[in-house]
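Please read the numbered points alongside the sequence and the model.

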Protein chains: 2
Amino acid sequence: MRTTAFHLVTRKETPQDAEIISHQLMIRSGMIRKLGAGLYTWAPLGLRVLQKVEQIIREEMNAAGALEMLMPAVQPKELWEETGRIDDFGGQLLAIHDRAERDYFFGPTHEEVITDFVRNEINSYKQLPINFYQIQTKFRDEIRPRFGVMRSREFIMKDAYSFHLDQQSLEVTYEAMKQAYTKIINRIGLEFRCVLADSGAIGGSGSQEFHVIADSGEDAIMYSDTGTYAANLEKCAAVSLLDNRAEATEAINKVATPTQKTIEEVAEFLKLRKNQMIKTLLVAGTEQPVALVVRGDHSLNEVKAVNLESVASPLRMLNDEEIKDLAGCEAGFIGVKDLACQIIVDRTVANMSDFTCGANENGYHLSGVNWDRDASYHAVEDLRDAEVGDPSPDGTGTLQVARGIEVGHIFQLGSKYSKAMNAVILNEQGKSQAMEMGCYGMGVTRMVAAAIEQNHDDKGIIWPANIAPFAVAILPMNYQKSERVRRAADDLYEQLLSMGIEVILDDRKVRPGFMMSDFELLGIPHQVIIGDRALDEGEVEYRDRRDMASTRVNHDTIIQFLTDRLQA
Amino acid sequence: MRTTAFHLVTRKETPQDAEIISHQLMIRSGMIRKLGAGLYTWAPLGLRVLQKVEQIIREEMNAAGALEMLMPAVQPKELWEETGRIDDFGGQLLAIHDRAERDYFFGPTHEEVITDFVRNEINSYKQLPINFYQIQTKFRDEIRPRFGVMRSREFIMKDAYSFHLDQQSLEVTYEAMKQAYTKIINRIGLEFRCVLADSGAIGGSGSQEFHVIADSGEDAIMYSDTGTYAANLEKCAAVSLLDNRAEATEAINKVATPTQKTIEEVAEFLKLRKNQMIKTLLVAGTEQPVALVVRGDHSLNEVKAVNLESVASPLRMLNDEEIKDLAGCEAGFIGVKDLACQIIVDRTVANMSDFTCGANENGYHLSGVNWDRDASYHAVEDLRDAEVGDPSPDGTGTLQVARGIEVGHIFQLGSKYSKAMNAVILNEQGKSQAMEMGCYGMGVTRMVAAAIEQNHDDKGIIWPANIAPFAVAILPMNYQKSERVRRAADDLYEQLLSMGIEVILDDRKVRPGFMMSDFELLGIPHQVIIGDRALDEGEVEYRDRRDMASTRVNHDTIIQFLTDRLQA
């Protein structure tokens, strides 16, 4: 491709709404342009990258035996009524009414549609297992679309759905998908982690996420320093930090804390460490309010909280009035003694003794509180965020943290959807049974942004080889006036083209500095600079975008030099 | 691919709502499944064909210098307010409101979005000409979705948009697109015609359609028997059938036609030929009613009618009361004498003399009517449908008719959109001017259905080679029990696979007749039947799907035989 026949419009300015580097670089390089809130046009430059990502995904999904198909984007509301997921998705569902006033959604995911397809197509165990996938435009009406295509409303997803006679078969395909995802992200060339995850609105019995590691990642990834365990913070099990409960040694004592409400204030005032205190949080329950208790220095994990049967979803803290009604005090003085609601404590809290908590009376706390003797709880659960330095839940090593961008999520759904939608088959005994099901999502547009978050420097993008929009850039200095330069550039261009190498030749009439900085921004891996001065010495200049190292190469051997680099 | 690892679910029954053969065969072969009104899932079998069509389109568009990109499906309503096209599209626009109550449409076409993109990206003539395209899911909320993917609501379209400094440059790209479309449809392997067309709601100064020829086509294609002219009936110019107007020879005469209202009834009653009469049709105008007059044996062309400035769009005939008010009679007795409205006559009508028309009085007609002497008209226009046997409008030969399925439509838009949306550039003189624009649509999903309409027999589909889901089918008889058959089938399968040939091996445990008729239905071009009886003689059976001719081929030479056939 010659730049004059391409569409290359770079910008020096960083757009105001672009908070993260991938968004900034995608706009500045001209890969994407904003049409509206969370809506982006992929310009030819961006689409070249997107299609390479798509193709790698397609090849590995096919190799793993999945069958590509394509479902409509517009989905009848009735299907969602069968599974009862309309409330789970809430405002993210983009509602559509057609001219006949029938209700539809712009599909945010396709569990309902594929289950409907399969219940009409498959009726015997002989047709199982089967794994369908599609690469398709989805829509989720995010409240705060941001970060460009990282969290856009319209986006492209690869979604796969597998169907099985039994759990064992599901596990085989689940593992195959895990391997396929690993191959895909490896081929794209990104550093990533596969981690245990919460299943959220998709549901099912277990799931894992694939995270591209990047400082800007929205998710905290906890992993053991032995490499044997990794989980999203929202899912990461937090063990008890106390092996067992020590004997009570103090008497319970009511102490005045006239203006001290926060853990920090009380700890300082009473000369305590925060880990000698507990935090009692009152939240709305499915029936009655619930008290959730974590140690003073710990944070409540909201996902773990809402996954409790008695806690309402989404999580809601009681307001001041509700707290006053229940505990008789302000929020800063709630404690576990004589608290008239279900009390669920974190594993660590259950093993504490001689601790301090609110007195359920404004201006007072209780010290020397001990379970059984002074207060009691109804259940022990894992309620807190795991922390760096915690023992790993698998018993080997301690936890570390990294930031991750979620690009994939695989689920063992079990029979959640097949039962709700009556997707049954006849098994080997001729009996009707619900199919087991898995689903496997991968963010295609988001993968491109994640690749940039992980691969950039202060000059621009540094494309991994397999998804670069072009492999080689030819940058001729004075192409318009120097016939020698033009001939050398054109010859190299034609030769590389004939070898099937994706090459871009910048034949624009622009200043050398402008051209150089454009291609640094664009991040083409291999750049050949052709100018009169080097040609005088029978040479051209080669530049590696990643390390920006320049090498003078004999003009006669540049093809071989590039071929070697491309195969490296 | 082995059928047991594929998803192959054929049906014997023809679905009730499938009126045309492509719809029937796509459902019966399992290529598509209906999700809702005008919404279809493409099963793996169907998607294989669809992707081949897409790829051919992509390659030829790229070869013609067009740049692929991807715009959002969801379009802000504000852009459509700039061009004022909301009314033109009417109920076909699928309205969407997001959670913030902003208004969007599911894009039925992308003139507004691309023009917005270009006005932000391109500001100099140096960036022109440029031609962007995308292959994308669109939605048009058809009142009567039918014929499967031939007239579905959600469909895939290739849409391209070119931008130019001047009309001359537009014409160059328009011609290049015309050539690209020709190559695309030739490569897909379909018989087609490129015809003059009406530009409809897209607008602009001229357009041509590409029609795949098939008996079931919804459009009538008029073409001259010399091959020099072709047009959609709705656009086809109809010349005057009379070279000039003869002198009046009869006196005007009021004749009683007490119960005769239709042209047929009056002609029979008065012993006239229909071409001695005229039909006066009263239609709603943009301001006042208008009379449109065609010869008694001719049909009013509705598209030509609404393209007249004084005629309201969509076309509406006056009702009985309005006719009574204007003409003083019932519809069957309207005539041109003393009719108090604008009268526009067809070219042929303007040259008629001594004709018969209604008397504007119930129960009477006038014979011997002559223009100027007895009545007058305000304008002469081309108002009628051209007919088989008419002289071709280009002056060579006579018109014939064929049925066509519209798969492509290319437009010279001029500055309609760029002016409405202020998409301007600086020209060579440094002056601001609106860009000239072209647009080029091709129905991707519809192309698949059109291919079947043109290529089928009573047994099923007959795929053209370049879009067949598989090139070769291996049909082993008794694969489960005969080890020799299994080995021969597996060997051939592996060899063809290793040669990069797309092959499907039917390893299902089904009866031979069932297998044969499945693959006749599926239409795989080359079929190899492997059975014990032929193997006894060292042979296998080859069958050509198009002519269903069977050949015994030496088992040792089947690969060479197939290779020859595949290259033919």
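In which loop of chain A does A:Pro314 lie? A:Pro314 lies in the loop between α8 (302–306) and α9 (320–327) of chain A. Helices (H or I, at least four residues) and strands (E, at least two) are DSSP runs, numbered from the N terminus.

1. Basis of the note. This is a predicted model, in which local features need pLDDT of at least 70 and side-chain atom pairs count only at pLDDT 80 or more, while totals for chains, interfaces and linings use all residues. Residues are numbered from 1 along each chain as its sequence is written, chains are lettered from A and ligands numbered from 1 in the order in which they are written, and side-chain values use heavy atoms, with hydrogens and water left out.

2. Backbone geometry. The peptide bond between A:Ser313 and A:Pro314 is cis, with omega at about 0°. Another cis bond joins B:Leu128 and B:Pro129, with an omega of about -5°; B:Pro129 is found in the loop between α5 and β7 (130–139) of chain B. A:Phe147, although not a glycine, has a positive phi of about 65°, and this residue belongs to the loop between β7 (130–139) and β8 (154–164) of chain A.

3. The unreviewed UniProt entry assigns residues 38–464 of chain A to "domain: Aminoacyl-transfer RNA synthetases class-II family profile". UniProt positions are given in the numbering used here, feature names are shortened, and annotations may be inferred rather than shown by experiment. Over residues 38–464, chain A is 25% helix and 30% strand, and the end C-alpha atoms are 26 Å apart.

4. A hairpin in chain A. Strands β14 (residues 278–283) and β15 (residues 290–295) of chain A pair in the antiparallel sense over 6 bridges; pairing requires that DSSP finds at least two bridges between the strands. The two form a hairpin with 6 residues between them, and A:Val283 stands opposite A:Val290 in β15(A).

5. Salt bridges. A salt bridge is a side-chain nitrogen of Lys or Arg within 4 Å of a carboxyl oxygen of Asp or Glu. By this rule there are 88 salt bridges over all chains. One of them joins A:Asp159 to A:Lys138, the closest N and O atoms being 2.7 Å apart. A:Asp159 lies in strand β8 of chain A and A:Lys138 in strand β7 of chain A, so the pair ties together parts that are 21 residues apart in sequence.

6. The contact between the chains. Taking contact as heavy atoms within 4.5 Å, 56 residues from chain B and 55 residues from chain A take part. Chain B and chain A bury about 4400 Å² between them, 63% of it on carbon and sulfur atoms; buried area is the accessible area (1.4 Å probe) that two parts lose on being put together, summed over both. There are 6 salt bridges between chain B and chain A, including that of A:Arg153 with B:Asp98 (2.8 Å, N to O). On the side of chain B that touches chain A, helix α5 (residues 111–121) of chain B provides the largest share, 5 residues.
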